[in-house]
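Here's a quick briefing to read alongside the model. Have the sequence and the 3D view open as you go.

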Amino acid sequence: MSRPAHRRPEYHKINKDLFVLTYGALVAQLCKDYEKDEDVNQYLDKMGYGIGTRLVEDFLARSCVGRCHSYSEITDIIAQVAFKMYLGITPSVTCNNSSRNEFSLILDKNPLVEFVEELPAGRSSLCYCNLLCGIIRGALEMVHLAADVTFLQDRLKGDSVTEIGITFLKKRDEKKYRRKK
Amino acid sequence: MENGIYSVEKELNKAKRDISLSAFSILFSEIVQYCLYKSKKGYRLEDALHEIGLRVGYKLSEYLYYKNKMKRSITILNILTFISKHVWKYLFQHSSDLLKSQDSIYEYMICDKNILLNKYITVPKDYGNINCASFAAGIVEGFLCSSEFQAEVTAHTIYENEQNQNTTILVKFYPEVIEREKNH
């Protein structure tokens, strides 16, 4: 009679091309409205932040993942569950430093750039997929984790792979707890 | 540059892949919020959405004829049927109805009972009759204009009763197009 605990909500799908073309149209519109690449990148990041804050709730509702105990677990879940669920790809994760708070997601195939051959002339420092960085940053902030997310390498700019770097920052709350003790 | 050409060829021939509705819906809501922000600077919300849809429509006209292995339409009825059946099915998973206006020879209407774009959008009363399906109207206009059927396309909300709202996309062709059709 009652709902089973792990029943997942229905998973509606739509055509990927609509999503990819809409994103491309959005970036083109932003390029028309803002002259500088930095402004476009910043606005994309801001929009991604807004999307991430809401996407994380949808993600947690659909995926039923448990609590994570380390930054590397979190990055693995982002790569293997979240990316798979929303974009259909699984980036590989590498850890960049010994203190285990800097990670990289290496994207082999990026569906957002499916119809992009190259960046337009005069827009060489445009981070086309900067929305993804904002999404990850917004989602992590909603679960009380501050992080810095940027593009380390970008295939559209001539690098061999697309690499997103996630740096987890120390929480301010930790210091407060220490004082109370 | 050579790599770029081959990658586009590969993408054109790939099998269709799906993406979750929630990802698109949340992206679309951010786009609507961006257009709302622009509307404070003097642009109308619907015009801003329409402009973004135009860009999508321009790309689709070449791609979809190739994908469906059909010849390009050269009559009004053919192209509008193509849009209401194939383009709608490709973008929104279901086809729409095509109607001809009784009052004017220049006007046609594409009716969609529950358009995907408005699924998670409710318009507050003080915004009046704004319909975010202006994005779809932009797509149709981009498609038509790039196929040399110049038209003005707008989206309208028809209230059937308190709960139900249908979206109608009104296509108004320029007189030259109708003249050309008559001379065919």
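This is a predicted model: local features need pLDDT of at least 70, side-chain atom pairs count only at pLDDT 80 or more; totals for chains, interfaces and linings use all residues.

Residues are numbered from 1 along each chain as written, chains are lettered from A in written order, and side-chain values use heavy atoms, without hydrogens or water.

**The largest pocket**

- The largest pocket holds about 940 Å³ of space. On a 1 Å grid over the protein atoms alone, a pocket is an open set of points where a 1.4 Å probe fits, with protein on both sides within 12 Å along at least five of seven lines.
- Its lining has 35 residues, and A:V56, A:F59, A:A139, A:L140 and A:V143 sit closest to the centre (lining means an atom within 4 Å of a point).
- Two or more lining residues come from each of α2 (37-63), α3 (71-86), α4 (130-142) and α5 (172-180) of chain A, and from α2 (21-39) of chain B. Helices here are DSSP runs (H or I) of at least four residues, numbered from the N terminus.
- α3(A) gives the most, with seven residues.
- By type, the lining splits into 27 nonpolar, four polar and four charged.

**α3(A) against α4(A)**

- The axes, lines fitted to C-alpha atoms over the stretch in contact, come within 13 Å and cross at roughly 120 degrees.
- A:I74, A:I78 and A:F83 of α3(A) meet A:L132, A:I136 and A:L140 of α4(A), with contact meaning heavy atoms within 4.5 Å.
- That contact is made up of six nonpolar residues, no polar and no charged.

Key:
Grid points are joined across faces, edges and corners, and a volume is the space filled by probe spheres set on the points. Ala, Val, Leu, Ile, Met, Phe, Trp, Tyr, Cys and Pro count as nonpolar, Asp, Glu, Lys and Arg as charged, and the others, Gly among them, as polar. Axes are lines fitted to C-alpha atoms, for helices over the stretch in contact, and angles run from 0 to 180 degrees between N-to-C directions.
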